[in-house]
Amino acid sequence: INICLKRGQLGLHRHFKRSKFLFLLQFSAFYSHFNLCIHLSFMLRCLSRAQTLAELRERIPEALEVIRASRRHLHEGHATVEELAVTKSLSQAPQTHRHKTLSMIAAQELLARGVSLQAGDSIQYILTDTKAAYPPDRVRAVAGLDGTWSYDRAAYDALLCKAALAVLSPLGITSADLDDGSDRLSYKIRS
């Protein structure tokens, strides 16, 4: 199984010689903007050591433990700005954008700090409280972070689980399997 990163997509490929079976899983381009993908790459590296479908099944518990450890890391508050930063490219000039998307909220914060932005610029932000009633409390631009910030653990956990399931669900993994304490011993790889 080979891991490749190409144009914002992370793919997992394996050609099993006997069955001529192509095992292909891809993250959508969204996940390339999410730096916690480094944790997902550890999971993919674990799965990539498999040479057969049987070995792939044997590696699933190890891959699940990688995701569970990453989730614990998030929940315990140990994630760094570098791991949490979401990078987005602005599709429109933030001065003309009317919708309060997370990237536009961060862009408005940067504009208020005197940063010049235009369509095509990339910004980085941290999810601070995605359910906040007051939009500026939902995200913080990385460039504007001071010593007092926190992150939305539930939002990052949901992103991590969604990305992990994009890879693991074809292997028979469900969201319940990603939880600590799940000890299901058999996983059926869907054909």
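A: In this predicted model, helices α2 and α5 are roughly antiparallel to each other, because the angle between them is over 145 degrees. Their axes cross at roughly 170° and come within 9 Å. Helix α2 covers residues 53-75, and helix α5 covers residues 153-168.

The contact can be followed residue by residue. On the α2 side, Leu64, Ile67, Ser70, Arg71, Leu74 and His75 take part. On the α5 side, they meet Arg153, Tyr156, Asp157, Leu160, Cys161, Ala164 and Leu168. Sorted by class, the contact of α2 with α5 has 8 nonpolar residues, along with 2 polar and 3 charged ones.

Helix α5 also has a place relative to the strands. It lies across β4 and β5, and runs at about 115° to β5. These two strands belong to an open sheet of 3 strands, in the order β4-β5-β6, with antiparallel pairing. The edge strands are β4 and β6, since each of them pairs on one side only. From one strand to the next, the twist averages 40°. In general, the strands of a sheet pair through backbone hydrogen bonds, in either a parallel or an antiparallel sense.

The pairing within this sheet can be given in detail. Strands β4 and β5 run antiparallel and are joined by 4 bridges. In that pairing, Thr87 has Gln124 in β5 as its bridge partner, and Lys88 stands opposite Ile123 in β5.

The buried residues of α4 are Ser103, Met104, Ile105, Ala106, Ala107, Glu109 and Leu110. Just after α4, Gly114 takes a positive phi of about 90°.

Back at α2, the loop between α2 and α3 (81-84) contains Thr80. Thr80 counts as partly exposed because its relative accessibility is 34%, which falls between the 20% limit for buried and the 50% limit for exposed. Thr80 and Tyr151 are 71 residues apart along the chain, yet their C-alpha atoms are separated by 9.7 Å.

These parts sit in a protein chain with 5 helices and 6 strands. From the N terminus on, the elements run β-β-β-α-α-α-β-α-β-β-α. Among contacts in the chain with a separation of 6 or more, 56% are between residues 24 or more positions apart. Of the 191 residues of the chain, 42% count as buried. The accessible surface of the chain comes to about 10,600 Å², and carbon and sulfur atoms account for 52% of that area.

How values were computed: Residues are numbered from 1 along each chain as its sequence is written. This is a predicted model: local features need pLDDT of at least 70, side-chain atom pairs count only at pLDDT 80 or more; totals for chains, interfaces and linings use all residues. Side-chain values use heavy atoms; hydrogens and water are left out. Axes are lines fitted to C-alpha atoms, for helices over the stretch in contact, and angles run from 0 to 180 degrees between N-to-C directions. Angles under 35 degrees count as roughly parallel, over 145 as roughly antiparallel, 65 to 115 as roughly perpendicular and the rest as oblique. Contact means heavy atoms within 4.5 Å. Ala, Val, Leu, Ile, Met, Phe, Trp, Tyr, Cys and Pro count as nonpolar, Asp, Glu, Lys and Arg as charged, and the others, Gly among them, as polar. Buried means under 20% relative accessible area, exposed over 50%, partly exposed in between (1.4 Å probe, protein chains only). Accessible areas come from the Shrake-Rupley method with a 1.4 Å probe; for residues, only the protein chains shown count as cover. Two strands pair if DSSP finds at least two bridges between them.
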